[in-house]
Amino acid sequence: MFLLAHAGIVGRSDLPIPEWLFGWAAAVVLAVSFVVLAVLWPQPRLQDGGFRPFPPIVSRVLTSRPVDVLCGAIGVFLFGVVIWSGLAGEQTATANFAPTFVFVIFWVGLVPLSVVFGDVFRAFNPWRAIGRTVGWIAAKVARAPMPAPLAYPERLGRWPAAAGLVAFTTLELVVSDGSKPETVAIAALVYSALTFVAMALYGVEAWCRNGEAFGVYYNLFGRISPLARRGDQVGLRKPLSGLTDLRPVSGTVPLLAVMIGSTSFDGAGEAPLWTNIAPHLSDFFQSLGLSPEHALEAAFFVGLIATIVIVYCFFRLGIAGAQSVGGGFTTERLAGMFVHTLVPIATAYVMAHYLTLLLFQGQAIEFLASNPLGKDGTDLFGTANNQVNYGVISATTTWYYQVGFVVTGHVSALALAHDKALAVYDEARLAVRSQYWMLVIMVGFTSLALWILSQSNQ
Amino acid sequence: MITPIAHAGHWFVSLAYFAPVLGFLIWLGLTTMRERRAKRKGGSGKPDA
């Protein structure tokens, strides 16, 4: 990524033990967690989320039409600023509002917000807001009910969302000028056009729920939150319980593989393993007639897809192992039953990998908001001359936070898997044995996460 | 020749990250073999009619 994604470039020289030993310690924590869960968690606890609504006045305010309209308007406004600054502003990525807002505030910053506060993006989703507004205006103009949209095809599932995320991460990690403001703006416009066509076909809410890539993406993270909305009520539920009613429709496992795999590729892109392979791949594509620039992009695209496929295959291997213990489930059904456990892992990967990007480049939004086009003389909020403070967190502290995120995410995933196994297996013995395989999956993802993080500091 | 040897230490450190995965896989394999052996012994231990 163009920005200081790996700004912890000052070496971590004052750790008490080698970095790889943190990986072993994390594996021990997972093993101990497994035993603790087996002993102290004998019944499912998360299948029923235990929703407790807030006082009616709170729910009425939060779910009211004026709040819905205001949030949608803010989302559309920010979307408009991205397009305007991307097309009309300075074309240096770090001097323009668009790339930092899209790749840092939006793509990374919304993840912790969703984990804490729930599916907040739904209210601010600019495509949803525009779609609903256009639908409302069309109904007023026609003075008749609009024709019903097509039923969303069951077989499509979350495949469009997975494809959308592949496209976005390709822009982020593969396209050579993917962070150029104009490229970001044009990509946003193209995505909008496709989204509006899909909304016209299948309806705004149906598309946002199933196919709109970012709506589906942040909804997954929002299910971790203890805050939830049920119809017109907002309230509290057990953390993680929102994931237990995730419908495992077609494309859900590939979607989670894209989420984890793309973050993995971003980090592994600095590992000697990749930097040794990439030139050979690029040479191969050049021999096919591609220009050096496109050959490198093709090589990176192959790397991105390969990483996603590796993550997918690793999860499916673990599921195949779990299926072998018995219980009468097919691997397809088991994959669907346990796919929700990948969401905390995806969260851990995002938070650990992009922590410094958020903390350092995220500060840049302060002066970019005052000068979105990056032109001399503009200072809307008096912060145009502010600078990024790189002293907010040390490299060593960053590493501890990263390990903390990785361990917390994977222990959460283990708890989810354990709870689900208790709910679906008739015999406790089979439930525990199936979880041996989930433990191996979790340890595998933990080791991968920490190895990738260590590579970014070579 | 020097380059591969120079990078060998780097590869060993990378492998160290995945040692726990290997350890758990070996444990899982041994556990599975033990359970299958116990199941076979339990089946062959039935008395004749």
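**View 1. Polar and charged links between chain B and chain A.** Four residue pairs, both members at pLDDT 80 or more, are in polar contact between chain B and chain A. On the side of chain B that touches chain A, the residues divide into 12 nonpolar, three polar and one charged. The model shown is predicted.

**View 2. The salt bridge across the interface.** One salt bridge is found between chain B and chain A. It joins the side chains of B:Glu35 and A:Arg433, with an N to O distance of 2.8 Å.

**View 3. Extent of the contact between the two chains.** Chain A contributes 23 residues to the contact and chain B contributes 16. The size of an interface is often expressed as the accessible area lost when the parts come together. Between chain B and chain A, the buried area is about 1,800 Å², and carbon and sulfur atoms give 76% of that area.

**View 4. The second largest cavity.** Five cavities of 30 Å³ or more are found in the whole structure.

**View 5. Helices around the second largest cavity.** Helices H11 (252–268), H15 (342–360) and H18 (428–455) of chain A each supply at least two lining residues. The largest share, four residues, comes from H15(A). By class, the lining comprises seven nonpolar and three polar residues, with no charged residues.

Terms used: Residues numbered from 1 in each chain as written. Chains lettered and ligands numbered in written order. Predicted model: local features only at pLDDT ≥ 70, side-chain atom pairs only at ≥ 80, totals over all residues. Heavy atoms only, no water. Contact = heavy atoms within 4.5 Å. Buried area = accessible area lost by both parts, 1.4 Å probe. Salt bridge = Lys/Arg side-chain N within 4 Å of Asp/Glu carboxyl O. Polar contact = N/O pair within 3.5 Å; in protein donor to acceptor, adjacent residues only side chain to side chain. Nonpolar A, V, L, I, M, F, W, Y, C, P; charged D, E, K, R; others polar. 1 Å grid on protein atoms, 1.4 Å probe; cavity = no way out; pocket = protein on both sides within 12 Å on 5 of 7 lines; lining within 4 Å. Points joined across faces, edges and corners; volume = space filled by probe spheres on them.
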